[in-house]
Amino acid sequence: MCLEQCARASLFPLAALSILANLLLYFPNGETRYASGNQLTNFVWFFGGIIGGGLLVIAPAWMLRGPEGRCCSAREGHVACAEGCPMLSSLVATLFGMTGSLYCLLVSALALTEGPYCISATGWDYPFANSSGRTTTPVPGASSTQPLCLQILDFTASPGLVLRSYLFNTTRWSSCKEPARIVVWNASLFSILLGLGATEFIIFFFQLLNTFLLGLCGTCAGCCRQSIGPEA
């Protein structure tokens, strides 16, 4: 029970960090001119960390923080327990929280795949978007004996192709001339949002399982213990 309460309480700092990480994305290297000039990646304006991992997590977490002692007392019967345990509101709050955290997770993943919006050799564009966040580099002198789809699925069986994400191919980061170090800035913050969204989703998922289990056993943990425990 203590672990469950601590997990729900951790949603508040997670949501605050999510909002902070999203806000920092508007100010690459602490500068405001890119935001005022609308020279940021489109996924920043989806507010994945502010709305998804932030507000849509704080509201359900606040609803779920109610004292467990309201569910039942040792002298209450099953009807009183049902009236004291808002299972429906808990379920709705959990689903809202899962939706928000999943939204944050998906926006962050898509932003990492597309890469940053920056000045490259062709001007302001997404230099890593054409390859869906990946680059293919043929190995000189090596031949490929498998179709590309099989090479992607099996890296060890593709001697003629090296498939690497731009996130790990640091030599390509120099293709973004401005803002300075924008690849590191975007990748770091969106990765943090990805981790925060995944953590929030896991917490809400276990809360959802807990709600269903308590619904099967009774309307709350106290009722379950009362129904299966020894009679006084």
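Where does V92 lie? I looked this up to begin with, and V92 lies in helix 6, residues 87–114.

**Entry 1: ground rules**

I am working with a predicted model, in which local features need pLDDT of at least 70, side-chain atom pairs count only at pLDDT 80 or more, and totals for chains, interfaces and linings use all residues. Residues are numbered from 1 along each chain as its sequence is written, and side-chain values use heavy atoms, with hydrogens and water left out.

**Entry 2: the chain overall**

I noted nine helices and four strands in the protein chain. For these I use DSSP runs, numbered from the N terminus: H or I of at least four residues for helices, E of at least two for strands. Reading from the N terminus, I get the order α-α-α-α-α-α-β-β-β-α-β-α-α.

How much of the protein chain do buried residues make up? I find 36% of the 232 residues. My cut-offs are under 20% relative accessible area for buried, over 50% for exposed, and partly exposed in between, with a 1.4 Å probe and protein chains only.

I also looked at contacts, meaning heavy atoms within 4.5 Å. Among contacts in the protein chain with a separation of 6 or more, 78% come from residues 24 or more positions apart.

**Entry 3: helix 4 against helix 6**

I turned to the pair of helix 4 and helix 6, whose axes come within 8 Å and cross at roughly 165°. An axis here is a line fitted to C-alpha atoms, for helices over the stretch in contact, and the angle runs from 0 to 180 degrees between N-to-C directions. Because of that angle, helix 4 is roughly antiparallel to helix 6. I keep the scale handy: under 35 degrees is roughly parallel, over 145 roughly antiparallel, 65 to 115 roughly perpendicular, and the rest oblique.

The crossing of helix 4 with helix 6 is left-handed. In that term, the near helix is turned anticlockwise from the far one by less than a right angle; clockwise would be right-handed.

Which residues make the contact? On helix 4 I list G48, G49, G52, G53, L56, V57, P60 and M63, and on helix 6 S89, A93, F96, G97, G100, S101, Y103, C104 and V107. Sorted by class, this contact has nine nonpolar, eight polar and no charged residues. I count Ala, Val, Leu, Ile, Met, Phe, Trp, Tyr, Cys and Pro as nonpolar, Asp, Glu, Lys and Arg as charged, and the others, Gly among them, as polar.

**Entry 4: helix 4 against helix 8**

Next I checked helix 4 (residues 48–63) with helix 8 (residues 182–217), and their axes come within 11 Å, crossing at roughly 25°. That angle makes helix 4 roughly parallel to helix 8. The crossing of helix 4 and helix 8 is left-handed. The contact takes in G49, G53, V57 and P60 of helix 4, together with L193, E200 and F204 of helix 8. By class I get four nonpolar, two polar and one charged residues for helix 4 with helix 8.

Is T94 buried or exposed? T94 counts as buried, because its relative accessibility is 0%. Beyond its neighbours within four places in sequence, T94 is in contact with L64, F204, Q207, L208 and T211.

**Entry 5: S120**

I located S120 in strand 1, residues 118–120. S120 counts as buried at 12% relative accessibility. Its side chain and that of D125 are joined by a polar contact of 2.7 Å. By that I mean a pair of N or O atoms within 3.5 Å; within protein, one must be able to donate a hydrogen and the other to accept it, and residues adjacent in sequence count only if both atoms are side-chain atoms. With neighbours within four places in sequence left aside, S120 is in contact with D125, P127 and S175.

I found a cis peptide bond joining E178 and P179, with omega about -5°. P179 sits in the loop between strand 4 (161–165) and helix 8.

R181 is placed in the loop between strand 4 and helix 8. Its phi is near 55°, a positive value in a residue other than glycine. R181 is exposed, with a relative accessible area of 60%.

N38 has a positive phi, near 55°, and is a residue other than glycine. I place N38 in the loop between helix 3 (33–36) and helix 4, and at 51% relative accessibility N38 counts as exposed.
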